[in-house]
Amino acid sequence: MPTVKLITYTPNPEKIVASAAKLCYSKQGIEGLMDNLTEEKTKSFIRMLMGMGHQSPIEHVSFTFGIEGVSRSFLAQMTRHRIASYSVQSQRYVPLNQMEYVVPPNIAQIPEALEIYNEAMEKTRESYERLSRILKQKHEEEFLEEGMEPKKASSSAEKKAIEDARFVLPNACETKMVVTMNARSLLNFFNLRCCTRAQWEIRDVAIMMLKEVKKVAPLLFMDAGPSCVRGTCSEGRMSCQRALEMRDFFKSL
């Protein structure tokens, strides 16, 4: 099961956004920009921005998440969101002898399917470990022949071995990452990935991320979620036809 933690975020995110909006719409200079920005004025500026669709001021605040227990398949989808920063656990530098993997719920619900799936993962783990051992032995011998000190030869050989052995690892393999997005990118992410038509794993993570940011910036994300939360569904004929249910769900997060 995925784990999502909001590691850090821009302090006073809603006040920062309100100050940027204030600069856009008033004669106020930089000095004193934050002065007299009461809670009510902050709310007013943010509601005005969201109502107008003027989202550039919300790019000034960002949120950093730690995400783990997700698959490499998830990673491929996540990194399509390009206005973001990613740091991902490396299969090149981190040995995966105790390979953890994600089990899709539909497979987990069928004993026969789950048995086949687990067997495939075990065979992959064994293949990875065998390849790692064979390659490490070859590289270590070469490094020793070149005169490398034994301890360094062993560690260098392991790194070089897993660099190639990782090619047998599946999409199901678990990974960990740190992700940073600004608020505008997050709204776009939630719009696409909180939708019922999104793939189940990234949808689960998107909802967890939305819960986290709502705790610290409820006004910025009060209407966040799929397009049906704010109006009509953008999926056209592919709509799930559950707009009312989705509105209730995301408003109550």
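**Ground rules.** Helices here are DSSP runs of H or I with at least four residues, strands are runs of E with at least two, and both are numbered from the N terminus. I am working on a predicted model, where local features need pLDDT of at least 70 and side-chain atom pairs count only at pLDDT 80 or more, while totals for chains, interfaces and linings use all residues. Residues are numbered from 1 along each chain as its sequence is written, and side-chain values use heavy atoms, with hydrogens and water left out.

**Entry 1: overall layout.** I started with the secondary structure and got nine helices and four strands for the protein chain. Reading from the N terminus, I noted the order β-α-α-β-α-β-α-α-α-β-α-α-α. Then I checked the spread: the radius of gyration is 24 Å, well over the 18 Å of the globule rule for 253 residues, so the chain is more spread out than a compact globule. (That radius is taken over C-alpha atoms, and the rule is 2.2 Å times the number of residues to the power 0.38.) Along the principal axes, the C-alpha atoms fill a box of roughly 75 × 50 × 25 Å.

I looked up burial next, and 39% of the 253 residues count as buried (under 20% relative accessible area; exposed is over 50%, partly exposed in between, with a 1.4 Å probe and protein chains only). For contacts (heavy atoms within 4.5 Å), I took pairs at least 6 apart in sequence, and 75% of those join residues at least 24 apart.

**Entry 2: helix 1.** (The expected span is 1.5 Å times one less than the number of residues.) Its buried residues are Pro-13, Glu-14, Val-17, Ala-18, Ser-19, Ala-20, Ala-21 and Lys-22. What do they pack against? I find strand 1 (3–9), helix 2 (39–52), strand 2 (62–71) and helix 8.

**Entry 3: Arg-203.** Arg-203 is buried but has no salt bridge, and the nearest side chain of opposite charge is Asp-204, 5.4 Å away. Beyond the neighbours within four places in sequence, I list contacts of Arg-203 with Arg-193, Cys-194, Cys-195, Thr-196, Ala-198, Met-246 and Phe-250.

**Entry 4: salt bridges.** How many salt bridges does the whole structure have? The search gave me eleven (a side-chain nitrogen of Lys or Arg within 4 Å of a carboxyl oxygen of Asp or Glu).

- Glu-59 pairs with Arg-184, with the closest N and O atoms 2.6 Å apart. This pair links distant parts of the chain, 125 residues apart: Glu-59 sits in the loop between helix 2 and strand 2, and Arg-184 in helix 7 (residues 183–193). Glu-59 is partly exposed at 37% relative accessibility, and Arg-184 is partly exposed at 33%.
- Glu-163 pairs with Lys-159 at 3.9 Å between the closest N and O atoms. Both lie in helix 6 (residues 150–165), four residues apart, about one turn of the helix. I have Glu-163 as partly exposed at 23% and Lys-159 as partly exposed at 31%.
- Arg-242 meets Glu-245 at 2.9 Å, N to O. Arg-242 is partly exposed at 35%, and so is Glu-245 at 43%.

I also looked for shared partners: Arg-92, Lys-159 and Glu-163 are joined into one network of salt bridges.

**Entry 5: positive phi.** I noted two residues here. Asn-12, in the loop between strand 1 and helix 1, has phi near 45 degrees, a positive value in a residue other than glycine. Is Asn-12 buried or exposed? At 54% relative accessibility, Asn-12 counts as exposed. Gln-241 is not a glycine either, and its phi is positive at about 60 degrees. I place Gln-241 in the loop between helix 8 and helix 9 (243–251), and at 64% relative accessibility Gln-241 counts as exposed.

Technical notes. Lys and Arg count as positive and Asp and Glu as negative; His and the chain ends are not counted.
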